[in-house]
Amino acid sequence: MKRIFQALLIMLGQSPSKPSVISEAAQRIYQEKQQQPKDIAALKQELTRIRQGQYSKKWRQRRWITLILINLCFTFSFWLDLQLFEGSLIASRVFGFHMADPYSAMQVVLGFGLLSINLTIGTVTVIIFWSLLGGRGFCSWVCPYHLLAEWAEIIHLKLVEKKSVTDHPFHRSSRLFFWLFFLISAALFNYGLFMTINPVGIVSRALIYGVGLSILFVIFLLLIEIFYSRRAWCRYVCPMGLTYGLLGSVSPIKLTYHLPNCQHEGTCLKVCEVPHVLECIKKGKASDIKVPIGMDCTLCGACVDICPTQSLRFEIKGFTKSS
Ligand code: SF4
Ligand code: SF4
C-alpha cells in the first residue's frame, strides 16, 4: 500500500527519492558489485552496438502492429459498415460492448449532466479492462496520438543530437493541474474544452471519418514536441494518461526491475517517456532485488528492448516465476 501511495505521488509530480529502507539482499548485491565489478569491456562493446541502433526492437514492433491494427479495425468497420467497432477510441461499441474513456466520461457528466446507462456500462467496462491490462498500457498499445508522438520524438532526438534544438522540460505536476482544470472548467461552463482539443479523439476520428480542421491542433502539438519540448502533451498535459495511470496501480501486469545483473549505465532512462519511474535503476536506489516499476509506466517495452543486461522484464502477478 505504501509503495502504491509513493508511486502515486511520483506520478503526480513528486521527485523520486532514495528509498528509506533497502533490503539486506539488495545491500548484499550492491556490495558484491563494488567488490567484483563486471566485465566493463564487454558492456562498452554492447553499448556501442546499442548506440548504433543494433539491438532487438521486438516490443516496439509488437506494439506498433497492435496499435495500428486496433485503430484500423475502427476504420474498416466504419468504411465497410460492419458495425463491429463503432464510434472512436473515446466512446465506442466493440462487438456490442459499450466502451467509454473514463476521463472523457467525467467531462460529459460534469459538463452536460448526462449519465446514461450506456455511458456508465462503457466506463466501468474500460476501468475493469485497463485495471487488468496495465493502465497506461492504453497509451503505448492503443492511443493513436502516441504513435505520432513517438515519430515526432525520433525527429526531436535527432535534432537534439545535431544540437539544432534543445529539450525544454516542464514540471510534471502540470498534468494534475490540467486534469483538474479541464474537469472544473467543464463543470463551470458546461463546455468540454478537453473533448474539443483532445488529440486522441481528434486522431481517432480522423482515421475513421476523415481529416477535419481540428487536425491542425494535432500538427501544432507535434511541432512543439519536435522543436521545443520532448513528448510535451503526454508528459505534461494529457489527463487521460494520468487517469489510465491510476487504473494501472492495481494491474497484475507489471514491468519489474531486477537488480543483480544491472550495470546502472542508464540506457533505459534515455528511451523512456517517463524516466522518473526508472529511478530504481540508479546505483543505491533500489529498495529490493526486484522492484515493480511505478504506475506511470506505459508498458511500452522500450527499456526491455534496449537493456543490455535483461534487468527489466514484463511480469504477470501469479503467473511469472520470481527469480
Ligand atoms: S498520455 Fe494521452 S495522448 Fe499520450 S499516449 Fe496516453 S492517452 Fe495518448
Ligand atoms: S519504464 Fe520502460 S516500459 Fe515503462 S514507459 Fe519507460 S521505457 Fe516504457
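How many bridges join strand β4 to β5? I found three between β4 (residues 253-258) and β5, which run antiparallel. I took strands as DSSP runs of E with at least two residues, and helices as runs of H or I with at least four, both numbered from the N terminus. Two strands pair if DSSP finds at least two bridges between them.

I noted that the model is predicted, so that local features need pLDDT of at least 70 and side-chain atom pairs pLDDT 80 or more, while totals for chains, interfaces and linings use all residues. Residues are numbered from 1 along each chain, chains are lettered from A and ligands numbered from 1 as written, and side-chain values use heavy atoms, without hydrogens and water.

Sheet. I looked up T256 and found P292 of β5 opposite. The strand order is β5-β4-β6 in an open sheet of three strands, with antiparallel pairing. At the edges I have β5 (290-292) and β6 (312-316), each pairing on one side only.

Ligand 1. I listed residues with a heavy atom within 4 Å of the ligand. Among them are R136, C139, C143, H146, C234 and C238. Two or more residues each come from α7 (137-141), α8 (144-161), α13 (232-237) and α14 (239-248). I counted nine nonpolar, two polar and one charged in this shell. Nonpolar means Ala, Val, Leu, Ile, Met, Phe, Trp, Tyr, Cys and Pro; charged means Asp, Glu, Lys and Arg; the others, Gly among them, are polar.

Ligand 2. The residues around this ligand include L255, C272, C297, C300 and C303. Here I have 10 nonpolar, two polar and no charged residues.
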